[in-house]
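Subject: A structure to look through

Dear colleague,

I am passing on a structure that I would like you to read alongside these notes. Please keep it open while you go through them.

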Amino acid sequence: MTNILAIETSCDETAVAIVNNRQVYSNVVASQIPIHKLYGGVVPEVASRQHLENINLVVTQALEQAQLGWDRIDAIATTCAPGLVGALLVGQTAAKTLAMVHDKSFLGIHHLEGHIYATYLGDPTLEPPFLSLLVSGGHTSLIYVKDCGVYESLGQTRDDAAGEAFDKVARLLQLGYPGGPVIDSLAKQGNPQAFKLPEGKVSLPQGGYHPYDASFSGLKTAVLRLVQKLENEIRDPLPLSDIAASFQETVAKGLTKRAIKCALDYGLSKIAVGGGVAANSALRNHLSEAATPHNIQVIFPPLKYCTDNAAMIACAAADHFQRGHTSALNLKVRSRMHLSQVMELYDSKI
């Protein structure tokens, strides 16, 4: 069995984990949320500096938690794309240095592939093929998972990602950052049918709507206009819980409808959900209920693996490493990289 130490620094979490295949030995995350809360969102330069301050300590804590020495580590992995370039560079530089100093193999991992593998940590028996619904602050996609490193994009958002929409609506309602958890909590006190909001369909040139693509910018604008309307009516205080519940309900139903249709159209009996929005209670409830009549199995990662973490990166790296995939030490970070390009990160030498 292979022990992988992985580093994740694509955005605002400094994370290190040690995973043996799909068994997590340690998973340490140093969150920067309290710092970025002051700015209402992630500031790239601030994130990079925090990674520099945290990385050595988090690596040490991961080794201590796993009770392993470097002699028990087989390979070192890091997120190399996509993400904030400065943040990615911190993690990659640390990983490459550790690989050279301790004479270990090195692997670069695609961040979205990590989110796909987060579901394996919750269900170690999961195997392709299946449909992956990735919903995070930067990405909303429907991915046909055919095998390790073999992915086909079937649907995506045309503008804001689902998590980004949650953050922007939370900012509009003056609820703070990050928006997902606070809206989810507030929505539980509200009426999801209080306000009718647009789902965000994507029109096709030949007529009709794209069956799998989504759009959240119109929904965000609709919430803004709703707030302005209520303010003009001198609704004080604003019915924040009803607005939050109606917004969340619209997002959850839209994602559910597309995921179920996509799975049925492609004959896939499993839907694996990953990304920060996978923690959303409305999405979990709607998708699970909608899948049952169709005998579709829905798998969600444990909540601690929904947001960015290094355990999911290590899990992906373990699968690649066991297939003989390693990366060159001159591998570069990329702010953007399509999931279909994953195999460009590896040569076949060990």
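This is a predicted model: local features need pLDDT of at least 70, side-chain atom pairs count only at pLDDT 80 or more; totals for chains, interfaces and linings use all residues.

Residues are numbered from 1 along each chain as its sequence is written, and side-chain values use heavy atoms, with hydrogens and water left out.

Of its 8 residues, 8 are buried, so β2 is largely enclosed by the rest of the structure; buried here means under 20% relative accessible area, exposed means over 50%, and partly exposed lies in between, with a 1.4 Å probe and protein chains only. In a regular strand the side chains alternate between the two faces of the sheet. In β2, Glu13, Ala15, Ala17 and Val19 are buried on one side, and Thr14, Val16, Ile18 and Asn20 are buried on the other.

The strand β2 also has partners, where two strands pair if DSSP finds at least two bridges between them. Strand β1 (residues 3-8) pairs with β2 in the antiparallel sense over 6 bridges, and a hairpin of 4 residues joins the two. Strand β3 (residues 23-31) runs antiparallel to β2 and is joined to it by 8 bridges, with Val16 standing opposite Val28. In the hairpin between β2 and β3, which has 2 residues between the strands, Asn21 takes a positive phi near 60°.

Turning to helix α6 (residues 179-187), Gly179, Ile183, Asp184, Leu186 and Ala187 are buried. They cover an arc of only 170° around the axis, taken from the directions from the helix axis to the C-beta atoms, which puts them on the same side of α6. Their cover includes α5, α8 and α9.

Finally, which residues touch the most other members of the largest nonpolar core? They are Leu5 and Ile116, in a core of 64 residues, a nonpolar core being a set of buried Ala, Val, Leu, Ile, Met, Phe, Trp, Tyr and Cys residues joined through side-chain atoms within 4.5 Å. The largest share of this core, 10 residues, comes from helix α10 (residues 310-322). Apart from it lies another core, of 50 residues, which includes Ala162 and Ile183.

With best wishes

Note on methods:
Contact means heavy atoms within 4.5 Å.
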